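Subject: Handover of a structure, with findings

Dear colleague,

Please find below the structure that I am handing over to you. My notes on it come directly after.

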Amino acid sequence: MRTALTLLFLLAIASIPGSVLPQRAVSAQGVSDYFRDHPDLAPTLDKLGAFDAYASVWFSAIYVLLFTSLIGCIIPRIREHWRAVRMTPPEAPRRLDRLAASVPAEEVDGTPAEAAERIRAMLRTARWRAVAREQAGGGWTVSAEKGHLKETGNLVFHTALLCVLAGVAFGSWYGWHGNRILVAGPDTAFCNSVPQFDESGLGPRVDDADLPPFCLELTDFQARFLDTGMPESFQATATVEENGGSRSERFAVNSPLRLDGASVYLLGHGYAPVIRYTDRYGVTQERVSPFLSTDLNQTSEGVAKFPDANVDPATGQRQDDLQVGFQGIYAPTMPAEGLVTISVHPAENNPGLTLLAYRGNLGEDAGIPNSVYSINQGQIDRGKLTQIGEAKLLKPGESWTLDDGSTVTFVGTREYATISVRSDPGQLFVLVSSVLGLIGLTLSLYGKRRRVFFRITPGDLGESSTTGRSSLMEAGGLPRTDYPGFADEFAQLVAATRPGGGTAGDTAEGTV
């Protein structure tokens, strides 16, 4: 048990990097940002597996050792507890006065056999495990014990903890997840496949073909904010195509969309500016570009790229040095004065888009690392991209004419939802195990193991006896665990054996 507790403590410590640092399985973009902000520290942490903490060798080693230790702890205790439950309460000790609680011999009605049977029946009614034994010389003893549920609860708790570990391991092997930004509106359907996820992670026992087939189109998204800017509610409406049918479903934060083989969770919200570009030859293209939020007021950054712009109509060939890209900052509510690139409220009360234009080779060719959310900085540094003029602020519907006569128009915005599609086959097993663990922990905390003994011997016939027959009874008891209320319970048990003394069921109410 000491080893298991030590390993459980180490597992809690090993979980800290997974809670403090971004994890690749959850947010690859967050890991990239950390590398950018901490260029010296990040490579060292990466070598130690800090960005894949729960899949690292050291975390797995602690996990397996804890699993093994719990098995080695539980099996002997279950075997010992099973023997203890099946055994009858032990014989009363010779000297009851040496126990934690005792009363000296006193007269009771009836013969020793009658008194012993009466006491045994009283204890059994109060759910004690009691047994009466005849002694040499005509005496009887009654032994009783109670509180095996404490150890039962303890074992249930530890077994449930073992099952939780097994369920988490099973879920990590056969589970999968994927994150995706889904823009509201037509022509933005998403189908459940790995290439369509922005970020994804499959368990070691899962491949692409195991993902359940369904498609999702975000038809509407409603975000409500308080005057302070705090979110009030997010609700999404989507059209789901699954199992050959189509239906409309709503889901919200903490109310996921349940599908066959997966669940869709709503994680976040943002805006996707719609940017229309008309090149020098009069060809118009339009991009719906999700911008990533940088603060709680939805100040967002992103890009709109037009790699096929300015294609020479005479030759039909793409001119790589005339590709166009726009880097922008979107503010759903610009301040009345001051910085126009900072939003003061997440709702679209006074939207504005600040654009910076680039012309040249965007670096979209195969083999050149690039991001859909930023202009390739390497192309700028190598002189492949040049900035066109100064930054320009556009309101919805406004246009900007560039130096070559081409124009860019800020058409408006669409809202988008950040969704997470997840499947965890061990989730229900972990839930049931957790509930059983809480039940077991409750029994372990409130259960009290204790024993009581009664010795009844033949007594003198006296006028005070109501039946003309009497015996002498002495009693003793001891708690097997820490139990401050045992003295009161023992006194009430002894009082219940006297005529008119009540019942043992009145003792220590609520104690198991």
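The paragraphs below set out the conventions and then the findings.

This is a predicted model, in which local features need pLDDT of at least 70 and side-chain atom pairs count only at pLDDT 80 or more, while totals for chains, interfaces and linings use all residues. Residues are numbered from 1 along each chain as its sequence is written, and side-chain values use heavy atoms, with hydrogens and water left out.

Cysteines

Searching the whole structure gives 1 disulfide, a term used here for a pair of cysteine sulfur atoms within 2.5 Å. The bond runs between Cys191 and Cys215, with an S to S distance of 2.0 Å. Its S-S torsion is about 95°, so the disulfide is right-handed. Because Cys191 belongs to strand β5 and Cys215 to strand β7 (residues 214-225), the pair ties together parts that are 24 residues apart in sequence. Strands here are DSSP runs of E with at least two residues, numbered from the N terminus. Cys191 is partly exposed, at a relative accessible area of 26%. For accessibility, buried means under 20% relative accessible area, exposed means over 50%, and partly exposed lies in between, with a 1.4 Å probe and protein chains only.

Cys73 is in no disulfide. Cys73 is buried at 11% relative accessible area, whereas Cys163 is partly exposed at 25%.

The sheet β5-β7-β8-β9

Strand β5 also takes part in an open sheet of 4 strands, ordered β5-β7-β8-β9 with antiparallel pairing. Its edge strands, each pairing on one side only, are β5 (190-191) and β9 (245-252). Two strands are said to pair if DSSP finds at least two bridges between them. Between β8 and β9 there are 8 bridges in the antiparallel sense, and Thr237 stands opposite Arg250 in β9.

Glu242 belongs to strand β8 (residues 231-242). With a relative accessibility of 9%, Glu242 counts as buried. Its side chain makes a polar contact of 3.1 Å with the side chain of Arg247. A polar contact is a pair of N or O atoms within 3.5 Å; within protein, one must be able to donate a hydrogen and the other to accept it, and residues adjacent in sequence count only if both atoms are side-chain atoms. Apart from neighbours within four places in sequence, Glu242 is in contact (heavy atoms within 4.5 Å) with Pro213, Phe214, Arg247, Leu259 and Asp260.

Strand β11 and its partners

Is strand β11 (residues 262-278) largely enclosed or exposed? Of its 17 residues, 14 are buried, so β11 is largely enclosed by the rest of the structure. Strand β10 (residues 257-259) pairs with β11 in the antiparallel sense over 3 bridges, and Arg258 has Ser263 in β11 as its bridge partner. These two strands form a hairpin with 2 residues between them, and Gly261 in the turn has a positive phi of about 95°.

Strand β11 is also joined to strand β19 (residues 407-423) by 15 bridges, again running antiparallel; the bridge partner of Ala272 in β19 is Arg414. A further 5 bridges join β11 to β12, also antiparallel, and Tyr277 stands opposite Gln285 in β12. The hairpin of β11 and β12 has 5 residues between the strands, with Gly282 in the turn at a positive phi of about 85°.

Glu286 lies in strand β12 (residues 284-288). Glu286 counts as partly exposed, at 40% relative accessibility. The side chains of Glu286 and Arg276 are joined by a polar contact of 3.0 Å. Beyond neighbours within four places in sequence, the contacts of Glu286 are Val274, Ile275, Arg276, Phe306 and Val411.

A second open sheet

There is also an open sheet of 5 strands, in the order β13-β14-β15-β16-β17, with antiparallel pairing. The edge strands are β13 (292-293) and β17 (385-394), each of which pairs on one side only. Strands β13 and β14 (residues 300-306) run antiparallel and are joined by 2 bridges, with Ser293 opposite Ser300 in β14.

Yours sincerely
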